[in-house]
Amino acid sequence: MTHFDTLETRSADEREQALAGDLSRQVAAAQALPGYAGSLSGVDAGAITSIADLARLPVLRKSDLGAAQKAQPPFGGLTTLPVGGFAHVFQSPGPIYEPGGAGHDWWRMGRFLHAAGIGKGDIVQNCFGYHLTPAGMIFENGARAVGAAVLPAGTGQTELQAQAAHDIGCTAYAGTPDYLKVILDKAEEMGLPLKITRAVVGGGALFPSLRQEYADRGIACLQSYATADLGNIAYESPAMEGMIVDEGVIVEIVTPGTGDPVAPGQVGEVVVTTLNPDYPLIRFATGDLSAVLPGISPCGRTNMRIKGWMGRADQTTKIKGMFVRPEQVAQLVAKHSDIHRARVLAQREGERDVMVVQVEAEGGDGTAYETSVADLLKLKGRVEVVPVGSLPNDGKVIEDQRTYD
């Protein structure tokens, strides 16, 4: 299969030479924006020409982004276009606002879909959300970039999803890793044969057992690593050896909580600089952990590889494709005077993510807190009331009990 473009197969020297100009121009563009007035003042943009040079610049964290957006709504003075200059405006939990463009491969997701073998003639059942958050549009934009048609299915209504996949003849799936199994099982139950042979997933961990189940059902499933702020960061190719960093971003692995690069191969926090001229995020800390994988992918793509998602640098945890943050757990405790402490458990049941919320209270029924859990954590979960003083005294309020082996 041909590559998406010639950028994917550049030599290291060609990539470094191109990066020298692209990076200095992007830093200069960021310096001209009010949101970077303090953090990048006095920086010689012309001297920032390599990944090593980036390490001299401050890290931009999600909390910094939120504070900037409150001071200068909605984008914190970090975009080169006015609000009306974008095709879309999205809102993620926080709230954090993200701009979106409709131009060719604006989110850089087309490269991933192409690597997965999706292109002209394919019909992608896009089961990422279209409501407020950008995942649905990110993958739709990528499908347009490779010439595929899209069924904008969104989430839920599984029976209708299965019927539509059958009637339309969808050939590919985009969505969270575990929801495809729900659709496949429902279609089987309804006696509806499907034509889906490729799947592109994100928003959660793709467990090996689930990938194998899809393979056994004739579906090749690959995953990407993307965020609402940055778009696509890295993606799998059919070689399935780590994740290849996208050509439109620069990835650093740093010691969590700092901007200091780790030694080669060491696990650290993923920090990303995007070359998107509309939204130049410089050294944006994702809060995710990963490590550089040495060597070049057997598929022929030559950019740096990372090992994929290896957990969170903080306790923020993604469950069912949504982030649950420690401050949300604190809000739950504050709302109910009878709750002493709370702990969120991320678990797997039947190849699906589940959330269990344990609350320390003087007896009572867990169902009394389910509405608050759904409202504040933005996910439905099972609530267990446990005796006061029984939760571990380890400082954790979110515990990921899923295994990634």
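**Exercise 1. Are Phe75 and Phe86 buried or exposed, and how do their rings pair?**

Ground rules before we start: this is a predicted model, so local features need pLDDT of at least 70 and side-chain atom pairs count only at pLDDT 80 or more, while totals for chains, interfaces and linings use all residues. Residues are numbered from 1 along each chain as its sequence is written, and side-chain values use heavy atoms, with hydrogens and water left out.

*Step 1.* Phenylalanine 75 and phenylalanine 86 are both buried (under 20% relative accessible area; exposed is over 50%, partly exposed in between, with a 1.4 Å probe and protein chains only).

*Step 2.* Rings of Phe, Tyr and Trp (its six-membered ring) pair if their centres lie within 6.5 Å; planes under 30 degrees apart count as stacked, over 60 as edge-to-face and the rest as tilted. A search of the whole structure turns up six aromatic pairs. Phenylalanine 75 with phenylalanine 86 is edge-to-face, at 5.6 Å centre to centre and 80 degrees between the planes.

*Step 3.* Both phenylalanines lie in the loop between α3 and β1 (88-92), so their pair ties together parts that are eleven residues apart in sequence. Helices (H or I, at least four residues) and strands (E, at least two) are DSSP runs, numbered from the N terminus.

*Step 4.* Zoom out: ring pairs link Phe75, Phe86, Phe90, Trp106 and Trp107 into a cluster.

**Exercise 2. Classify the pair of Phe128 and Phe139.**

*Step 1.* The ring centres of phenylalanine 128 and phenylalanine 139 are 4.4 Å apart and the planes sit at 20 degrees, so this pair is stacked.

*Step 2.* Phenylalanine 128 is in the loop between β3 (123-126) and α5 (135-146), and phenylalanine 139 is in helix α5, so the pair ties together parts eleven residues apart in sequence.

*Step 3.* Burial check: phenylalanine 128 and phenylalanine 139 are buried.

**Exercise 3. Which residues of helix α3 are buried, and why are they on the same side?**

*Step 1.* In α3 (residues 62-71), the buried ones are Leu65, Gly66, Ala68 and Gln69.

*Step 2.* They cover an arc of only 165 degrees around the axis, so they end up on the same side of α3; the arc is taken from the directions from the helix axis to the C-beta atoms.

*Step 3.* On the face turned away from that buried side, α3 carries the exposed residues Ser63, Lys70 and Ala71.

*Step 4.* Covering the buried residues of α3 are, among others, β2 (96-100) and β12 (284-290).

Technical notes:
Contact = heavy atoms within 4.5 Å.
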